[in-house]
Structures are given as structure tokens and as C-alpha cells.
Amino acid sequence: MSLEKHIKLSQEAENILLKIQKEKGFSSINRTLEFIITDYENNCNVAETVSKKVSEDLSKVLTRIRLGTNTADVNSQIIIELLNAIVYQFNVAPMTTQMDETTAVKISRQSIKDKIAGFKQRKDNKAGR
């Protein structure tokens, strides 16, 4: 069943229709309009599907980040509590690494940098396979 409709278009809209008609090789403006309308519906479905897939993938990544952050936060809190107990027990005077960085801190920093570099290297090796 075909419906007959009379429409008014701006010059810009007509230019776009003619451009699409030429690009797609359609024989009429009617066919071009039908294509645009059905293509719009298809694009909405594709956009919805892509949006759901991206949301699912991001959800997995964000969950991993959230869990990692929670673990780091818990570990940081434990370390703070333990250090506070040591400082209290031995009545240690306040000092920051900006005042004087001990050899133990320097070695620890380097150890962590090396460990992170090792993790990154393994990740890069897995990605290269």
C-alpha cells in the first residue's frame, strides 16, 4: 500500500536528498526518502545494540577498577593503623620523606617501580601474542 504525501522542503534538505540519491543511485526522490526513513530505523537499532555492548564492557572494566580501588583503600587503612600503633608505641617524632628519605624508603620505592614495570611487561607480552 502506498500513501501519497505532499511535503515542503528547504533548499538545504532538497540538496541533501539529491546528494543521497546520487550517492546511492536511486531513481527517484521517493526511493531516497524511503531509504532515509528505513535507514534511520536501522541506525537506531544499531546504536541501541552498540550502546548496550559498550555499557556491558565498561561495566566489567569499572567493576575491576572499583574492586581494585577498594582493596587498595583497605590495605592503605591497615597500613595507617599499623604505622599509627608503631609511632604511638615508640613515641616517634614526626618526619616526612621531604625532610629526609631513608634508605628503606628509597629501596621500597625502587622495588615497587620494578614490580610495576614487570607487571606492565607481562601485560604487554600477553597483548603482543
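Visitor: Which pattern does the protein chain follow when read along the sequence?
Guide: This is a predicted model. The protein chain holds three helices and zero strands. Read along the sequence, the pattern is therefore written with helix symbols alone, in keeping with how helices and strands are assigned as DSSP runs. The pattern is α-α-α.

Visitor: What radius of gyration does the protein chain have?
Guide: The C-alpha atoms fill a box of roughly 90 × 35 × 30 Å, taken along the principal axes. A compact globule of 129 residues would have a radius of gyration near 14 Å. For the protein chain, the value is 32 Å.

Visitor: What percentage of the 129 residues is buried?
Guide: A residue counts as buried when its relative accessible area is under 20%. The accessible surface of the protein chain comes to about 12100 Å², and 58% of that surface belongs to carbon and sulfur atoms. Of the 129 residues, the buried share is 5%.

Visitor: Is V61 buried, partly exposed or exposed?
Guide: V61 lies in helix α2, which covers residues 29-90. Its relative accessible area is 36%. Buried requires under 20% and exposed requires over 50%, with partly exposed in between. V61 is therefore partly exposed.

Visitor: How much accessible area does the nonpolar patch that includes V61 have?
Guide: The patch lies on the surface and is formed by V46, V50, V54, L58, V61, L62 and I65. Together, these residues have an accessible area of about 590 Å².

Visitor: How far apart do the centres of the positive and negative side chains lie?
Guide: The protein chain has 20 positive and 16 negative side chains.

Notes
Residues are numbered from 1 along each chain as its sequence is written. This is a predicted model: local features need pLDDT of at least 70, side-chain atom pairs count only at pLDDT 80 or more; totals for chains, interfaces and linings use all residues. Side-chain values use heavy atoms; hydrogens and water are left out. Patches are made of residues with over 30% relative accessible area and no salt bridge: like charges are joined within 9 Å, nonpolar side chains (Val, Leu, Ile, Met, Phe, Trp, Tyr) within 5 Å. Accessible areas come from the Shrake-Rupley method with a 1.4 Å probe; for residues, only the protein chains shown count as cover. A salt bridge is a side-chain nitrogen of Lys or Arg within 4 Å of a carboxyl oxygen of Asp or Glu. Helices (H or I, at least four residues) and strands (E, at least two) are DSSP runs, numbered from the N terminus. Buried means under 20% relative accessible area, exposed over 50%, partly exposed in between (1.4 Å probe, protein chains only). The radius of gyration is taken over C-alpha atoms; the globule rule is 2.2 Å times the number of residues to the power 0.38. Lys and Arg count as positive and Asp and Glu as negative; His and the chain ends are not counted. The place of a charge is taken as NZ of Lys, CZ of Arg, CG of Asp or CD of Glu.
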